[in-house]
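Please look at the model below with its sequence at hand.

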Amino acid sequence: MTDTWPYLDVHQSRTHEPTPYEYKLAATLEEVFTREGHELTDVVRGLNARQVHAADGSPWTEESFRAEMNRLGA
Amino acid sequence: MTLSSSATADHIYATGLRNQWHAVVPSHFVAPGAMRKVTALGEQWLLFRRSDGALSMLADRCPHRGAPLSLGKHLGDRVACWYHGVEVEPDGTVSSVPGLPGCSLEGKKLVTSLPVREVAGAILAYFGDEEHPEPAELTLPEPLTDPDVDAFLCYAEWDAPWRYAVENLLDPMHGAFLHHDSHTMFDGDTTAKFRIRETARGYFFEKTDQRGVNFDWVELCRTGVDWVDLSIPYPPSAGPGGAFGIVGMVCPVDVRRTGVFFWRYRRVQDWQRASWRFLYRTLIEQRHWDVLEQDRVMLEAMPADADQRENLYQHDLGVVRLRRLYRAAAEAQSTAGA
């Protein structure tokens with residue numbers, strides 16, 4: 001942290017620089033929200049249709065997606 | 001005492017109203033066991049935090065010869081002035097004069113200590129003048145206390161007068177122009193009619209013919225601390241949860257510098273909350289920042305006499321109302337010439 005004026009820090013909410021996986025997931029999630037809808041079923045279907053899978057490579061389920069969002073958005 | 005009621009109304013108007021709370025800096029600026037020099041309302045202060053987290057805010061001025069306490073040493077539960085070692089407790093009491101034990105300064109509360117509270121990641125302090133040392137009642141913005149609302153604080157420091165930063169928020173129409181190229185304020189009509197709607201705690205300044213499209217309304221709230229509330233729609237890419245809101249506060253640093261506090265909040269729960277938080281950190285925060293930078297560039301470029309040579313129109317009623325209110329408060333707080 002700096003003591004010098006002015007404090008102009010773009011990223012104040014991050015705990016780390018997002019990984020390539022996180023960037024890819026976030027960008028795809030935005031696309032899914034835009035094109036498929038805002039329901040959980042839409043999101044899971046949209047991510048799987050785009051082959052953007054969980055970190056372990058498995059297709060998303062509602063349960064695994066919730067768990068991953070809770071981890072990444074805590 | 002550092003804040004004096006004998007200050008002129010012009011000085012108070014330029015450096016911030018007294019006898020109310022103001023946000024000062026984010027909480028994380030002062031780590032446990034650390035201290036930090038800050039400027040607020042044109043005066044020098046020292047934020048001092050014990051290792052257990054307890055925070056205090058002292059005038060940055062040794063009661064002995066006036067040296068800055070911020071150059072001194074953090075002794076865990078006290079600060080020692082570097083110049084002659086005079087020790088001051090977090091409440092402003094001189095606990096020890098090492099060079100002259102038993103000196104009459106010892107045991108006296110000689111340093112101004114401001115009441116502080118930490119709210120949603122920010123340090124708020126009560127800036128009373130010598131006639132109003134007891135803190136004003138403070139009602140916090142509901143979006144910052146509602147458990148169903150989630151918020152991220154963005155803090156930034158601008159080389160612009162504090163009042164310009166508040167006036168910018170009481171001027172919703174700039175959203176359709178200055179922020180036209182942004183992720184949230186690209187839409188809506190570029191003409192509008194506005195009205196003022198008085199409330200028990202301030203007033204709304206709102207468009208009469210458009211809502212929920214751009215930056216269409218703002219509420220000024222005076223609840224012991226001055227803040228604004230407003231709502232701006234997100235594009236569908238931000239996911240479920242609807243519009244985001246902003247609670248805004250400013251810290252008048254000095255006549256030409258301002259700390260701005262923007263809590264971006266959203267009424268979201270469960271996986272919707274988590275996905276917004278994930279997207280915010282990864283992608284959206286940068287876009288919010290880009291919008292804020294447009295405001296900073298504009299306000300920092302405003303000439304010093306900008307508000308002396310204007311030609312205002314109907315959209316500026318919210319600003320006019322604000323100035324009148326603040327000017328009257330500054331006059332009332334100044335006993336200079338009384």
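Q51(A) sits in the loop that joins α2 (40-49) to α3 (62-72) of chain A, where helices (H or I, at least four residues) and strands (E, at least two) are DSSP runs numbered from the N terminus. This is a predicted model, in which local features need pLDDT of at least 70 and side-chain atom pairs count only at pLDDT 80 or more, while totals for chains, interfaces and linings use all residues. Residues are numbered from 1 along each chain as its sequence is written, chains are lettered from A and ligands numbered from 1 in the order in which they are written, and side-chain values use heavy atoms, with hydrogens and water left out.

Most residues other than glycine have a negative phi, and most peptide bonds are trans. Against that background, Q51(A) has a phi near 60 degrees, a positive value in a residue other than glycine, and at 59% relative accessibility Q51(A) counts as exposed; buried means under 20% relative accessible area, exposed over 50% and partly exposed in between, with a 1.4 Å probe and protein chains only. N19(B), which is not a glycine, also has a positive phi, of about 60 degrees. N19(B) is placed in the loop between α1 and β1 of chain B, and with a relative accessible area of 17% N19(B) is buried. In chain A, the peptide bond from W5(A) to P6(A) is cis, with omega near -5 degrees, and P6(A) belongs to the segment before α1 (20-35) of that chain.

The contact, meaning heavy atoms within 4.5 Å, takes 35 residues from chain A and 37 residues from chain B.

Within chain B, F29(B) lies in the loop between β1 (20-26) and β2 (35-40) and is buried, with a relative accessible area of 3%. F29(B) and L47(B) are 18 residues apart in sequence, and their C-alpha atoms are 9.3 Å apart in space.

The spaces in the model were found on a 1 Å grid over the protein atoms alone: a cavity is a set of points where a 1.4 Å probe fits but cannot get out, a pocket is an open set with protein on both sides within 12 Å along at least five of seven lines, and lining residues have an atom within 4 Å of a point. Grid points are joined across faces, edges and corners, and a volume is the space filled by probe spheres set on the points. The largest pocket holds about 560 Å³ of space, and among its 20 lining residues N168(B), D171(B), H174(B), M302(B) and D316(B) lie nearest its centre. In chain B, α3 (162-169), α4 (270-301) and α5 (317-333) each supply at least two residues of this lining, with α3(B) giving the most, three residues.

The structure also holds two cavities of 30 Å³ or more. The largest cavity has a volume of about 210 Å³, and of the 18 residues that line it, M185(B), I246(B), V291(B), L292(B) and D295(B) are the closest to its centre. The largest share of that lining, four residues, comes from α4(B). The second largest cavity contains about 140 Å³ of space, and V166(B), D226(B), M249(B), V250(B) and Y326(B) are, of its 17 lining residues, the closest to its centre. Here β1(B) gives the largest share of the lining, four residues.
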